[in-house]
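Grab a pencil and work through these exercises with the structure open beside you. Try each task before you read its solution.

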Amino acid sequence: MSSGHAAPPVLLLAFNRPDTTAQVLDAIRAGRPRQLFFAVDGPRDDRPDEREQVAAVRALANTIDWECEVHTLFRDRNLGCKLAVSQAVSWFFTQVEQGIVLEDDCVAHPDFFRFARELLDKYANDPRVALISGDNFQFGRRRSEYSYYFSRFPHIWGWASWRRAWQWYDHSMSRWPQLRDSGWLHELLGDRAAAAYWTRIFDETHANRNTSWAYRWTFSVWAHGGLTALPGVNLVSNVGFGDGATHNRNRWNRYASLPVEAMRFPLVHPENVTIDDDADRFTQRTMFRRPWWRALAGNLLTAMRR
């Protein structure tokens, strides 16, 4: 990307994985953002070997070899995924109006930076659009002749947004009990099984039974009617599946290290900001579905408690 078309500001979120973080940073180098915000969570007290890993990640801030203003947020103590990520994103958007967020295992194709920059500018003042993602999980299915489509799913393996949208982030999910009891999810999703799936997810998240910040972001986006622009080709690959991952331990997962493709420019923009229902039904069915054996176990447990 030429100096006249530098990437938007980038937030790099990292922790204890210097190998994957270096890969992400190499990809960011192709975008040559003029501002890089580098947030690294602190080591855990019960993992003495982690201090060296975290130090190696932080040292990567000294390898920036292009003209760039570098800002760092290095935590002295470990906050965990839920707080470290959400607080770092808030730190980022207090300093920039719009920008890209990449976690330490999300390697972006060079075209992602241009794609994000153009859509950040195009939809900067459109409250219907909450974020732009680099993810395409349609596995080769082309839904239209346009360069991207709109979805209700805010995929966050490489994404971009605005301060105006992140202000929606409600860490406590304060509106969830009222919305849950109103039938809101069924009306939003139009599918009983999908509503049941997300009700369970949001109940667990609201009760702090998981460490996900992303579910809280999903709820916040949905509660404000926000949509996500998703590219027609996959622009970001999550290379972090495996033993070192916080959540995605299965390296054989179909979403692990998905190949990336070049985006054709100039972009062909959709005529309307409306959800592609076919694409979203596919995503709900393939990515957001409770495994049958967990559903069976849950039903058996419920029956035993009666």
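## Getting your bearings

The protein has 11 helices and 10 strands. Keep in mind that this is a predicted model.

**Exercise 1.** Work out what share of the residues is buried, and what share of the contacts with a separation of 6 or more joins residues 24 or more positions apart.

*Solution.* Start with burial: of the 306 residues in the protein, 53% are buried. Next, take the contacts with a separation of 6 or more: 80% of them are between residues 24 or more positions apart.

**Exercise 2.** Find the strand order of the open eight-stranded sheet, and name its edge strands.

*Solution.* Walk across the sheet and you'll read E3-E2-E1-E4-E8-E6-E9-E7, with mixed pairing. Strand E3 (69-74) and E7 each pair on one side only, which puts them at the edges. On average, neighbouring strands are turned by 25° against each other, direction ignored. Now zoom in on E1 (residues 10-14) and E2 (residues 35-40): these two run parallel and are joined by five bridges. One spot to look at is Ala 14, which stands opposite Val 40 in E2.

**Exercise 3.** Classify the ring pair of Tyr 123 and Tyr 148, and say why it ties together separate parts of the sequence.

*Solution.* Now place the residues: Tyr 123 is in the loop between H4 (110-122) and E6 (129-133), while Tyr 148 is in E7 (residues 148-151), so the pair ties together parts 25 residues apart in sequence. Both tyrosines are buried.

**Exercise 4.** Explore the surroundings of Trp 198.

*Solution.* First, the core: the largest nonpolar core has 93 residues, and Trp 198 is among those touching the most other members, along with Ile 28, Leu 102 and Trp 217. Second, set aside neighbours within four places in sequence; the contacts of Trp 198 then include Leu 185, Leu 189, Thr 218 and Gln 284. Third, look at rings: Trp 198 belongs to a cluster linked by ring pairs, with Phe 153, Tyr 197, Tyr 215 and Phe 288 among its members. Finally, Tyr 197 has the charged end of Arg 200 over its ring, 5.4 Å from the centre.

Methods:
Residues numbered from 1 in each chain as written. Predicted model: local features only at pLDDT ≥ 70, side-chain atom pairs only at ≥ 80, totals over all residues. Heavy atoms only, no water. Core = buried A, V, L, I, M, F, W, Y, C linked by side-chain atoms within 4.5 Å. Buried < 20%, exposed > 50% of the residue type's maximum accessible area, 1.4 Å probe, protein only. Contact = heavy atoms within 4.5 Å. Phe/Tyr/Trp six-rings, centres within 6.5 Å; stacked < 30°, edge-to-face > 60°. Helix = DSSP H or I, 4+ residues; strand = E, 2+ residues; numbered from the N terminus. Lys NZ or Arg CZ within 6 Å of the ring centre and 35° of its normal. Pairing = 2+ DSSP bridges. Axes fitted to C-alpha atoms, helices over the stretch in contact; angles between N-to-C directions.
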